[in-house]
Amino acid sequence: MDKEKKQTLHVFVVGNDDSVFDFSSPLFQKVSLYAKTLGRLTILCRTRKVVTKLPITRGPLTIYAVRSSNPLTFIIRAFVLGRRIINSNIEAFRVITSDNPFEEGLAAWILARAFHLPLQLQVHTDVMSPFFRQASWKEYIRYILARFLIPRADCARVVSRRIKNSILRKLGFFKADRLAKVVVLPIFTDISKLIKAVPDPSVEACFKEYGFKMIAVGRLVDKEKNFGMLIDLMRDFVKIYPAAILVLVGEGPDRKKYQKKIVTNGLDKNVILAGWRNDLPAFYKSFDLFLFPSNYEGWGRAVIEAMAAGLPVVMTDVGLAGEVVKNGENGMVVPVRNKKMFLEAMLYLSKNKAQRRRLAEAGRASLFKLSPENQEKYLDFYKESLSKC
């Protein structure tokens, strides 16, 4: 094998984020970098959209679509198409990886078994958390799938130590020789724009009547992000601090549910659904406190963004809590779904500007200690995690 072939790692990915078909999306830009780093990347992506002119080919990146809303149909179609793709150049493919240990993971596992290729499973959420499997019947089935698939993978890439520890503790399948193949690689966040951002005068003017401003960012999916709890807490918060506002940034299936709850509780002026914003670095700068009430998380990139923007953080004990955000040191961490403690933390920081400043400064300082510290090293670690398979 010549030097070029040794350096090339042709990876086959089974994914489910169809924003990859949008050439202007952050995901397309990211996978393009992955392809360049690996040498060759082929993606088979699940979608409900009609995607034309397939496959998409951009240099070392090739993307195929499997259109299906039904999990069983998707698995069958993914296997049929995946088998055809791999058979067309069977000697080139080195590793199969999946975005998750769920439906996509099952399709990837079947393909890996069929072609005797190593399988890497990516785990982006804490699938062993009881709050995950209790979220809905779909999450419970995915929990069962994860318990089946993860022990059968050749290696795993997880986004936090919390996930690694929960997998080791709950499944106990990794022997000493496989322990090194569980790679912790957090989601890389370029914090430079957030650090350098300055407040937008128009945003400042919009919220000038409020004395204390809080923000939460994420998909409007209550079973995971738990923004409904924040709306509940605002009923009590505004009794003590009437000039307070909470802005929820994001979109999702529970938007109407949240809007109804806001109106029912008479919080129209105190809770705003802002949708997704393209100016988040500057937008963060107009707020006093960042809230993260999730029931379960893998990592929590929004927390990193808020800390980089200079905001103190109150969050539940999920994702990077304990690993990056340490209670009382650079943020405040409370138990999941504990309304009383979350509200107490909000009220405490609303009354203590010096404490907010101290936590914000400590939070930003802690980000400079994170690894990988830049995108180039992240890409190197990404390739290494696949090479270990």
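Colleague: Leaving aside its neighbours within four places in sequence, which residues is Arg-277 in contact with?

Modeller: Contact means that heavy atoms lie within 4.5 Å. With those neighbours left out, Arg-277 is in contact with Val-203, Val-249 and Phe-283. This is a predicted model, in which local features need pLDDT of at least 70 and side-chain atom pairs count only at pLDDT 80 or more, while totals for chains, interfaces and linings use all residues. Residues are numbered from 1 along each chain as its sequence is written, and side-chain values use heavy atoms, leaving out hydrogens and water.

Colleague: Where is Arg-277 found?

Modeller: Arg-277 is in the loop between β11 (271–273) and α14 (280–284). Such labels are DSSP runs numbered from the N terminus: helices are H or I with at least four residues, strands are E with at least two. The C-alpha atoms of Arg-277 and Glu-251 are separated by 10.0 Å, and these two residues are 26 apart along the chain.

Colleague: Is Arg-277 buried, partly exposed or exposed?

Modeller: Buried means under 20% relative accessible area, exposed over 50%, and partly exposed in between (1.4 Å probe, protein chains only). Arg-277 has a relative accessible area of 28%, so it is partly exposed.

Colleague: Which side chain is joined to that of Arg-277 by a polar contact?

Modeller: A polar contact is a pair of N or O atoms within 3.5 Å; within protein, one must be able to donate a hydrogen and the other to accept it, and residues adjacent in sequence count only if both atoms are side-chain atoms. The side chain of Arg-277 has one with the side chain of Asp-279, at 2.8 Å.

Colleague: Which backbone atoms does the side chain of Asn-330 reach?

Modeller: It reaches the backbone oxygen of Val-324 at 2.8 Å and the backbone nitrogen of Lys-326 at 2.7 Å. Asn-330 is found in the loop between β13 (313–316) and β14 (332–334). Its relative accessibility is 6%, so Asn-330 counts as buried. Apart from neighbours within four places in sequence, Asn-330 is in contact with residues including Met-307, Leu-359 and Ser-366.

Colleague: How are two packed helices described?

Modeller: They are described by the angle between their axes and the distance between the axes. Axes are lines fitted to C-alpha atoms, for helices over the stretch in contact, and angles run from 0 to 180 degrees between N-to-C directions. Helix α12 (residues 227–240) and helix α16 (residues 339–350) pack at about 45 degrees, and their axes are 10 Å apart. Angles under 35 degrees count as roughly parallel, over 145 as roughly antiparallel, 65 to 115 as roughly perpendicular and the rest as oblique; α12 and α16 are therefore oblique to each other.

Colleague: Is the crossing of α12 and α16 left-handed or right-handed?

Modeller: A crossing is left-handed if the near helix is turned anticlockwise from the far one by less than a right angle, and right-handed if clockwise. The crossing of α12 and α16 is right-handed. Among the residues that meet there are Met-229, Leu-233 and Phe-237 in α12, and Phe-342, Leu-343 and Met-346 in α16. The residues of this contact divide into 10 nonpolar, one polar and three charged. Ala, Val, Leu, Ile, Met, Phe, Trp, Tyr, Cys and Pro count as nonpolar, Asp, Glu, Lys and Arg as charged, and the others, Gly among them, as polar.

Colleague: At what angle do helices α3 and α4 cross?

Modeller: Helix α3 (residues 71–88) and helix α4 (residues 103–115) cross at roughly 35 degrees, and their axes come within 9 Å. This crossing is right-handed. The contact is made by residues including Phe-74, Ala-78 and Ile-86 of α3 and Leu-106, Ile-110 and Phe-115 of α4. Its residues divide into 12 nonpolar, two polar and three charged.

Colleague: Which residues does the cis peptide bond with omega of about -5 degrees join?

Modeller: That bond joins Leu-54 and Pro-55. Pro-55 is in the loop between β2 (39–47) and β3 (56–58). The peptide bond from Ser-371 to Pro-372 is also cis, with omega near 0 degrees. Pro-372 is placed in the loop between α17 (353–367) and α18 (375–387).

Colleague: What is the phi of Lys-53?

Modeller: Lys-53 has a positive phi of about 55 degrees, although it is not a glycine. Lys-53 is exposed, at 77% relative accessible area. Asn-226 is not a glycine either, and has a positive phi of about 60 degrees. Asn-226 is buried, with a relative accessible area of 9%.
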